[in-house]
Structure formats: C-alpha cells, structure tokens
Amino acid sequence: MREFTYYPGCALFTKAKNLDQCARMSAEILDVRLKEMTTWNCCGAIFSTVSDDLASQVGPIRNLARASSQGDSLVTLCAACYNVLKRSQAWITKPGNETTRDRFLNFIEEEKFDPNLKVLHLLEVMKNDIGFEAVKTKVKKNLKGLKLGSYYGCLMVRPEAEMQFDSVDNPMMMDDLMAALGAQPVYFPFKTECCGGYLLVNDQEASLKCAATIINSLNAAGAEAVVTTCPLCQYNVDNQQKILSERVAGFKKLPVFYFTQLLALGLGIEGDVLNLDGHYVDPKPLLKAKGLLS
Amino acid sequence: MNKRIGVVVCHCGINIAGVVKIPEVLETIKTLPGVAAVRDHMYCCSDPGQNMIKDLTKSEKLDAVVVACCSPTLHESTFRKAVKSVGLNPYLCEIANIREQCSWVTPDRDEATKKAIRIIRTQVARARWDQPLEPIDVPVTRRAMVVGGGVAGIQAALDIANAGYEVVLVEKDPSIGGHMAQLSETFPTLDCSQCILTPKMVEAYQHPKIKLLTYSEVADVSGYVGNFKVKVRRKPAYIDWDVCNGCGQCLVKCPGRKESEFDRGMSKRKAVYRPFPQAVPNRPVIDASICVHFKTGRCSICADVCPLKAIRYDQKESFVEESVGAIVIATGFELYDLKDYSSFGVGKTQDVIDGLQFERILSASGPTSGEVKRPSDGKVPKRVVFVQCAGSRDVENGKPYCSKICCMYTAKHAMLYKHRVHDGDAIVFYIDVRTGGKGFEEFYKRATDEGVLYVRGKVSKIYRQGDKVVVWGADTLTGQKVQVEADMVVLANAMTPTPESAELAGVLKAQRDEHGFFNEAHPKLRPVETLTAGYFLAGAGQGPKDIPEAVAQASGAACKVIGLFSNKTLSHDPPIAGIDEDACSGCGVCVDVCPYGARELVEKDVKGKMKKVIKVNEVLCECCGACSSACPVAACEQRNLKDEQIQEMVEAGLEG
C-alpha cells in the first residue's frame, strides 16, 4: 500500500468531516494510505499577496517545513488549503527568497525545508498515482445515470502559473473521476468561477448572485447535482439555495456533494460517514431515485 | 609567407575610439611580424575611409589587409570590394571585430584596449596564411516555382511570368485564390474581394508562361540556388482534368455530403466538388474519404452522367519533377484554432464563429447569400459582439504577437453588419485599435460614426444561455465588468502559418520563427529573401499581413527572382570546406554532419587506386565548418581557415 503524507486542514475536522473521512476510507480501498501529518496547524486560509505580510506566511510554511521530514509529497483535499500551501511553496522556493526562507525556518524552529516537496491535491493522486482505470475496477455501485456538474471553484486552478493543476477554464480531472465512477459529467461554463463564498459575510447579495449563476447554469445544462472539492463552495452553493428558492418561483434545487462522498458511495462505502443528512439540499431523494441508496 | 600586411583601425566615431585607446593599439600592432603599415580612420566605411584603405594598399604594396572595425556581417564585403578595386584579391582582406565583440561589451578602457589588440593579432595571424580565392561559378535555370496560390503567390507568379520567365505555380487546394477568395469586401475601400481577385486568377491560369499545378504539394527539393529539382506530388482528383471541361454535371447528383471547407463548415459540399463556383482551374475533384464509390463501390453516378467520360476512379497520385532556379514561398495563413480557449466555448457554443466564417456569411456567394443570419437557427442577429485579439497578444494562452489585420477587418465586419442590419447593435471588444495604414484610421472613424460601439477591454468568457450568447468582459476605461447578451459572437482569431507550411519547411529546409512563420534573411533590409539562397518569401506565410502588403511583398519577391535570373551564371563565395583526397579515409562522417547536403561519398580513382572519397558540391557548401570539426583525419579543411591557420590564430589570441 502506498503512503502519502496527508494534510487535512481545519475545515475537514469540523464542518467537512465527511470530505475527510470519505477520502481516507476510499483511499484505503484504492491501496493508498493517507497518513496524517504528525503535527499541523491552520494553512492560513488565504494566500496573502501583500508584499510585507510575512506573518501570514508563517502558518503554511511551518506546515510545509514539517511535511518535509515526513515524505516527498504532501496531499491535501480542501481547495483553500491546496491553494495556500502550493502558492506558499512556490513563493518561498522562488530564487532570491533563500534568505527569507532561512529566517522563517529560524523563527519557526524547523531545520529542514524540502524545496522539492510536491504539494498535491487528492485528485492529482487519483489521476496520476492510482489512475482512473484502477478506480473503475474497484467500483461497487456504478453511478450510472447520475448527471454531475463538476464545480472546481476559483482556488483549484488559479493562478495558473503557480497552481499548474489543470486547464483554468475547463479543468477535467474531477469530471474524469466522476466518469470513472460511472456518472455522466455535464459541461457548464462556470466550472471555475467564484462561488462568492468569501463575500458571504460582507455582501450577501453579491455572494448570492455568484451562487445563482452557477446553479442556474447547471440546471440549464441538465445537471442533477454538483460536485466540489471545497468546503466553502459546498457550504455556500448548498445553503444559498435556501434564499434562492424563497425568492425565485420554480427554482430547482441541486444537491452539492464533495467528490469524496460520491467516490466513497461508488466504492461501496455506506453509513454515517457519508453524512448525507448534513446537506441543506437533501441528496437522498436523488440517490434513491438512481438506485444508489436504499 | 613574407606577406606585407596592412592594418587599418576604425574609430567608428566614438563607438570604438570612446573605449579602445587607438594610439596604444597602433603602437603595438605596428611591431607584429609581417605588419608593414598601420593606419586609423574616424569612419573606415565612409568614402574617404575606403579611399585611404585603397591608397594604403597601393602605396605600401600590401599583400593582405586587416580592417579592425565592426562585425564582418556589416562591412566585410565593403572592404573586400575596396581592396579588389585596387587589384588585391578580396579574400586577402580580413575583418577584426573590435566593436560588437570588444568596445560595446567591455567598459574598462585598459581591458578593451588589450582585448582589441588580441583580436587584431588573431586576424593578422589569419591574414598571414590567407590564399587568394576565386568565386565559384554556377549556372542558373531561369524558371521559378511559386508555392502557394493565394493572392501573394498569384501576384509573384504573374510578375515573374510577365518579365518573360516561366513559372510553376503549385497550390495544395483544387483551386487557386487562397483566403482572399473567401472574403466578402476588403478594407478600407469596401471593394468586392472576388471581383478584384478572379481576374488575376484567370490571368495566371491563361498566362502562357505559367504552369499551374493545383491539388499538388511539394514533396521533395534538391539542388541549390539556380539549380533546384523539385518533386511535386499531384493528388488524385479521380477526374481526368485534360478531358473534363468543367460542365458541372457530375456535381448535381452526387450523394456524398461533407462540411464545405470553403464555407468553413457552414454549408455542405458533395463528394465530387469544386471549392467555389469561380474556381480556377474550373475542374472538380472527388473526395475519396466520403465518396460512396470508394466506400462501397455501389455508386458511379458521376461517371454515368459525365458527358465526356472524364471520371477516373483508378487515378493514383503522381509525381512530376520540375527544374527551377528560384522558389517563392507563399504559403499564407490559417486562423488560430481556438479550441483550447475553453473560456470562449469555441466548438461547444453555437453562434460563436470566426472572422472567416463571418466573411462567408457576408459574401454574396456565401451560405446565406450575403444576408446576415446566424448559423444555429438562421435568425437575423440583432446584436453581434466582435472580439478582437482572440488568441493574439495573449502571452499566456495564445500567441504573443499582434495579428495586424484584425482591427481593420473587425471594423469592416461591424460596419458591414450595420449596413445590412440597420437596427442591429454591433459591439466591439478591443485592447487597442491599431490602424496603421493608408486610409485605415479614417475607416475606423467611419465605423464608429456609423454607430459601432467600441468597448475597451478583454473578453473573459463566452457562453450560451438559452437563445443568447452571453459575453463577459471588462470595460477598462470605466473599470466595470460588462455582460452582453448577444445573438452572435464573431472572434478575430489570431493569424498563424498554415499547418502544411511546417511540412514544407522540412522539405525545403527553410528556417521558421518560433511561431512557424518563415524567417526573412534580415527583418529590415532583406525582408523577402531567406537565409537559403534562392528561396524568397511572399505573403502571410512570413508573418501576419493584409492584402496590399502581401501583394507588395509578392512583387518584391518576384523582383528578386527576376534579378537573379538576369544573370546567366551566379557566383558562390569561394571559402568552402574542400577535401584532401589523399588524407580522406572515406569514413563518411562529414556526410552525416553537413547541414547543407554538400558532401557525398563516392568511389573514385585517386592516383591510380580506386578508393572511397568524399566529393564536395562546392555550391552547396556554406563553410560552416561542421565537417572540419568532425573529420578524424583533418581532410575537410575550410579554405582560408585551415587547421594550421586556426592554430596560429589561437596562439596569437592567447599570447601575452
């Protein structure tokens, strides 16, 4: 069984437990162990682009330094953690930043920093290390007939030069995974638009508009559910539908899944770990209708 | 070996003298063995400067001259001509580059002076060994080939033919005409593209000096300037064009259907087709990939109806060999394929079309007979968004260069749209509007006066929403996000070289730039020539350009060809890498390393003994020295750059 050092992040221990647990269990079925880092802290949640804001880099860099002595790669699941860790890695390993790096290491009292540490998203591991063909062979419950819109959000792909994840406009990694599970990926033009999650507190209306654009487009494209990698997207796109359905007559709600929920479902995992009751838009009727839930 | 060598050091204004201490250089060089005279001059390349060199050569009875000045690429030929005029063999004049390689890159005066002395000493060492050389004469076949039958190729062919030389015009498609035949009206005068092009097409077809090979491709080229042998692959038309009279009976009942390339997928053509009604030559071809006869053998309707019995299902591709002295490359452009621009939904989103598709929509002979109708449902679009720089000026995802013609044709598109749909909205998204050209700015002004709305900003996303195509963009003048619900979107795709030109470049061994455009010999001073002697460039295959520029360049290329043909023989620079037949072991290493194909291994009688030796085609040799370095027995020495000479030059350079 292959092992990967795994950084869960805070959200996956609170709001998004199912994102984390489904991933760990599914990985085991796919002969991969996600070995949680021995000590870790918050990733910082936002990659600061302020030039002298060194304090906000401490969090991610400490995680990266600690991961350096635990393996040659670091796998994460949450889109925000992935974005922050990967960009911090790119920033601190940039030529010319060596002195800054040494100062950081001195401050956080870590000796080692591996500039070649690979920050990976679980989707990349699924594609490159496990392989979608291998996933296919392990499918117990084929998601056949389920029309899914893969919503990547803004954090997975941008900025392109640093993230190097997939196409900025039309990423396919999650679509391909869903297809491997038997589902039917649906194209829609807002795969990587912002969900408005960051505006939720300041400007609810703006955030609502973002979510509405995504849901409306998915409905128009014939999707039956949304798949995401990001706890914030999941929360926002799911919960904003409450207001939207109050305001718009005939608004068609769509359940919003984590990709690991559907992965787990496809691999035959059942029970509370999926946390299908934790959604605002109840996904159970859809899954029952498709024969995926008894 | 007791040559009298003269050294002339140029100040080049302050370019050299501002850094290099000329008096010190002269003092040192004067003492070198063989140096009979040293002089300096403010500008050696000027008339007085050249005269000084001539006088010095005569008065001092010099056997060789070294001019210490700028790069030999600039003035080697100037000074060689100067010494030749006073009776010295020009190959006994050498250049010591103390500008680009010394004064411009060495700020410290003492360092630069020392370096200049070393450079001059090296060239003096070289001059000591130089032999007088005579140019190599080459006969010229006064017959040209033009590759590509667009407007540039047609123009080049006509100009050469009208000067009295034969031309072979090769075109890959069944008809000549190129993209210009697809256009509706041309900026900035709005004259009908086909109306001005078709007379030229016919003229080329009927010209007694022009041999037209359409539906043909260059398969192989051998030889050298003045003496090319070109093998042309003639694709099978499955119709005997000599018998066919172009009546078009066969086109009527053919059951095969495919998207028309000429209408860019917006109409269907049949399996037997001619690209467009005015095709030249007016002969159809059969597309075997969709023809029922070739697929099942169950149809022969075209053969049945042909009154002249010209259909030949058994026709095979054939090859013809043409001997020509010069080749004009006029391969034209293709629109950049935006399929990777997923944010624009190209290919996925209906009614998002490219500029050439819109040309076909506007064209009276197009799929909508010139009425503006959108492809999805044939409705008249009431709001059309035009997106400039679709793929151009996009360093990250597309092409970094400006495609040059799009600003103007977009202005034309928007204007023509307004002329035909009076109550329609035409909205143009642009980064800059570039209107450099005669009458271009006025034309753009006219577009805005006629109500075309220009929004300064890039488009970020295009997607379909129900009946509409939604365009997201930014208005960078107000700093606001703009969302437009349009009925149709026209993209001004970047111009790229044709995909076929990559293959052709391989066959011709012609140089291309990083984007695949053919490289000119000099971006300013030799814009229609290439670095390979005998190849000339015309049209958009060299870089994005509009019709007048393509035509002008074609005439320029033709003029160069005519100039070449005005000589009975050509002379080739004599410094080449020869072969010492006694030393040559016949290993053939140099054959493999020669980039010009100038060397071949032959069996030959050398001093009464048959042995394998290298034969050098002196005309092809560019004296790059690859063979000299590769030869294990030092048998491939370059003239005036022999091994002993290099050895002495190295020693002279390192000395002191």
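Start by colouring chain B by domain: the assignment lists domain 1 (5-134), domain 2 (143-331 + 507-565), domain 3 (333-496) and domain 4 (576-638). Those bounds come from an automatic or database domain assignment. What you have open is a predicted model, where local features need pLDDT of at least 70, side-chain atom pairs count only at pLDDT 80 or more, and totals for chains, interfaces and linings use all residues. To find your way, know that residues are numbered from 1 along each chain as its sequence is written, while chains are lettered from A and ligands numbered from 1 in the order in which they are written.

**Stop 1: two domains of chain B**

Show domain 2 and domain 3 of chain B together; their C-alpha centres lie 29 Å apart. How many residues does the contact take from each domain? It takes 19 residues from domain 2 of chain B and 26 residues from domain 3 of chain B. Two residues are in contact if their C-beta atoms, placed from the backbone, lie within 7 Å. On the domain 2 side, you'll find eight nonpolar, six polar and five charged residues. For these classes, Ala, Val, Leu, Ile, Met, Phe, Trp, Tyr, Cys and Pro count as nonpolar, Asp, Glu, Lys and Arg as charged, and the others, Gly among them, as polar.

**Stop 2: a sheet in chain B**

Switch to cartoon view and look for an open sheet of five strands, in the order β20-β27-β21-β22-β23 of chain B, with parallel pairing. Helices (H or I, at least four residues) and strands (E, at least two) are DSSP runs, numbered from the N terminus, and two strands pair if DSSP finds at least two bridges between them.

Now select β20 (352-354) and β23 (453-456) of chain B: these are the edge strands, each with a single partner, so one side of each has no neighbour in the sheet. Neighbouring strands here are turned by 25° against each other on average, direction ignored.

Zoom in on β22 (residues 425-430) of chain B, which pairs with β23(B) in the parallel sense over four bridges. One pair to click on is I427(B) and its bridge partner in β23(B), L453(B).

Axes are lines fitted to C-alpha atoms, for helices over the stretch in contact, and angles run from 0 to 180 degrees between N-to-C directions.

**Stop 3: one leucine**

Stay in chain B and select L158(B), which is found in helix α6 (residues 151-162). Is L158(B) buried or exposed? L158(B) is buried, because 22 other C-beta atoms lie within 10 Å. The cut-offs: buried means 20 or more other C-beta atoms within 10 Å of a residue's own, exposed means 12 or fewer, and partly exposed is in between, with C-beta atoms placed from the backbone.

Leaving aside neighbours within four places in sequence, L158(B) is in contact with K200(B), E203(B), A204(B) and H207(B). Try the distance tool on I210(B) too: I210(B) is 52 residues from L158(B) in sequence, yet 7.8 Å away in space, C-alpha to C-alpha.

Zoom out for the whole chain. Chain B has 18 helices and 32 strands, and 46% of its 656 residues count as buried.

**Stop 4: over to chain A**

Seven residues of chain A are in contact with eight residues of chain B. The chain A side of that meeting has three nonpolar, two polar and two charged residues.

**Stop 5: crossing helices**

Select α2 (residues 55-68) and α4 (residues 98-108) of chain A, whose axes come within 10 Å and cross at roughly 85°. That is why α2(A) and α4(A) count as roughly perpendicular (65 to 115 degrees; under 35 is roughly parallel, over 145 roughly antiparallel, and the rest oblique). Show side chains for V58(A), I61(A), R62(A) and A65(A) in α2(A), which meet F104(A), L105(A) and I108(A) in α4(A). The residues of this contact divide into six nonpolar, no polar and one charged.

**Last stop: β5 of chain A**

Finish at β5 (residues 147-150) of chain A, which runs parallel to β6 (residues 184-185) of chain A and is joined to it by two bridges. K147(A) stands opposite Q184(A) in β6(A). β5(A) also pairs with β7 (residues 225-228) of chain A, in the parallel sense over three bridges, and there G149(A) stands opposite V226(A).
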